[in-house]
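Subject: Structure for you to look at

Hello,

Here is the structure for you to open, with the sequence beside it. My notes on what was found follow below.

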Amino acid sequence: MMIVDFRNVKHRKIDVRLIYRANYSKEVKRKNMKRKTKVPSNLTGRYAMIQSFLWMGYAAILGFASVYLLDHGFSNIQIGIISAVAGAVSAVLQPLLATIADRPSSPSVKYFLVCLNFLQLFCAGLLMVFENSAVMTGVFYGICITFLMLLTPLVNSLGAETMNQGITMNFGVARGIGSVAYAAAAYLLGILVKKAGAVTIPLFIVALCAGFLLSLGFFPFEKAAKPSVGQKRMFEGPVYFLRKYDRFAFTLLGCIFLYTSHVLLNNFNFQIVESKGGGSAELGFAMALCACVELPTMFFFGVMQKKKSSGFWFRLSGVFFMLKALGTLLVPGIRSFYCIQIFQMFGWALIQVASIYFVNSLMEEQDVVKGQAYMTMTYTIGSVVGSLLGGSLIDLFGITIMLIVAFVFGLLGMLLLLLIKADVSGKRGMSR
């Protein structure tokens, strides 16, 4: 099936893309026939394990970052700086790592995931070793955040490449199970922190890293050989990439605004919960509730995509990012705060699934990993901006001003996604 590019292109260019895909399909079939490891008929369950440990990591490392760092004497501004620096480093490394991973001569995505997770496990262990050093705590916690953000596009690419190889796997269901795991981890960690203190957080992170490595060991994956068509252009930098997919740059900008709003709400969730009259246990419950309302969207996205394209759902998610920011600003207490978590269903949950399908349907095969990396990088940039702004705004002006700023970013992101029409008509492996 032909995929239409963002811009009007000559028929000759479209023919090159069709030739590339035909060659790629042949290579994939040959590779699958030569596999040494027998692949199960459906890898959804095994991929769900990987997603589960990744998102439990998000619950522990990012969701409880303020709890852990405040407990170690850091101010809101310092917490914002740590998160921002970690995000900036990962923003630089993400496209570089994606370009290296895309090379035919490079190891598989699974290999990079194992290496990064080993490093994260090591840094989490050092948090316990340097428990009494504020400087080393800030450094190693920031490194854990960086590695977490580097893992995300590679986990998404692992799923995309698996399905592009013709292996049956439901990404939405796997990602939904990841949200269940996030909810369970957030709720459990909230109780543990309340009873035993913030010291449980690095222990929890170490356990999650070990589980992530175990889940990778159970996932059979071999990198498919890529044909040589257009290999010279495969390694061009971001300028060529964004010229090739010209409207994608504006889509990325809209996502940066949305994710900045999300990070202002998410990274400083503990401070928000406190302003509504709650504590660490209420934080854990709110995070768990958030993750639970994501499940219908993720489990039934395949059905939703039959009604409307992934591009439609992708753009719609911006409306609900804005509504959640507005609701967080307006609700007066913890119970009403619980109620507005429903907007997570078609905000964060929808963009998480729709963006994977959207990018995979848009990009040529050799650009899929880079496309996923650029999309993840928008979250990283939003994390940098949101982290720097959030801590400063809370300390200087209070929580209400920070929530107003979160709403403004959500509104700008929503408008950008709604105004930019992405004409993508084809669906490849991800549409299974």
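W55, Y58, Y259, F321, W348 and Y379 form one aromatic cluster. In this work, the rings of Phe, Tyr and Trp (for Trp, its six-membered ring) pair if their centres lie within 6.5 Å; planes under 30 degrees apart count as stacked, over 60 as edge-to-face and the rest as tilted. One member of the cluster, W55, has R175 over its face, at 3.9 Å from the ring centre. A charge is said to sit over a ring if NZ of Lys or CZ of Arg is within 6 Å of the ring centre and within 35 degrees of the ring normal.

Before going on, please note that this is a predicted model, in which local features need pLDDT of at least 70 and side-chain atom pairs count only at pLDDT 80 or more, while totals for chains, interfaces and linings use all residues. Residues are numbered from 1 along each chain as its sequence is written, and side-chain values use heavy atoms, with hydrogens and water left out.

Aromatic pairs

The structure holds 19 aromatic pairs. One of them is the tilted pair of F301 and Y357, with 5.3 Å from centre to centre and 50° between the planes. F301 belongs to helix α14 (residues 301–307) and Y357 to helix α17 (residues 348–362), so this pair ties together parts that are 56 residues apart in sequence. Helices (H or I, at least four residues) and strands (E, at least two) are DSSP runs, numbered from the N terminus.

Are the two residues buried or exposed? F301 is buried, at 0% relative accessible area, and Y357 also counts as buried, at 6%. Buried means under 20% relative accessible area, exposed over 50%, and partly exposed in between, using a 1.4 Å probe and protein chains only.

F312 and W313 form an edge-to-face pair, 5.0 Å centre to centre and with 80° between the planes. F312 is partly exposed at 31%, whereas W313 counts as buried at 12%. K308 lies over the face of F312, at 5.4 Å from the ring centre.

Helix α17

The helix that carries Y357 has 15 residues and reaches 21 Å from its first C-alpha to its last, close to the 21 Å expected at 1.5 Å a residue. The expected span is 1.5 Å times one less than the number of residues. α17 bends by about 25° at A354; the bend is the angle between axes fitted to the seven residues ending there and the seven starting there. How many of the residues of α17 are buried? The count is 15 of 15.

Two single residues

S261 lies in helix α11 (residues 248–266) and counts as buried at 1% relative accessibility. Leaving aside neighbours within four places in sequence, S261 is in contact (heavy atoms within 4.5 Å) with A325, A406, F409 and G410.

P104 is in the loop between α4 (76–102) and α5 (109–129), and is partly exposed at 36%. P104 and K223 are 119 residues apart in sequence, yet 8.7 Å apart in space, C-alpha to C-alpha.

The whole protein

The secondary structure comes to 19 helices and zero strands. Of the 432 residues, 59% count as buried. Among contacts between residues at least 6 apart in sequence, 87% join residues at least 24 apart.

Regards
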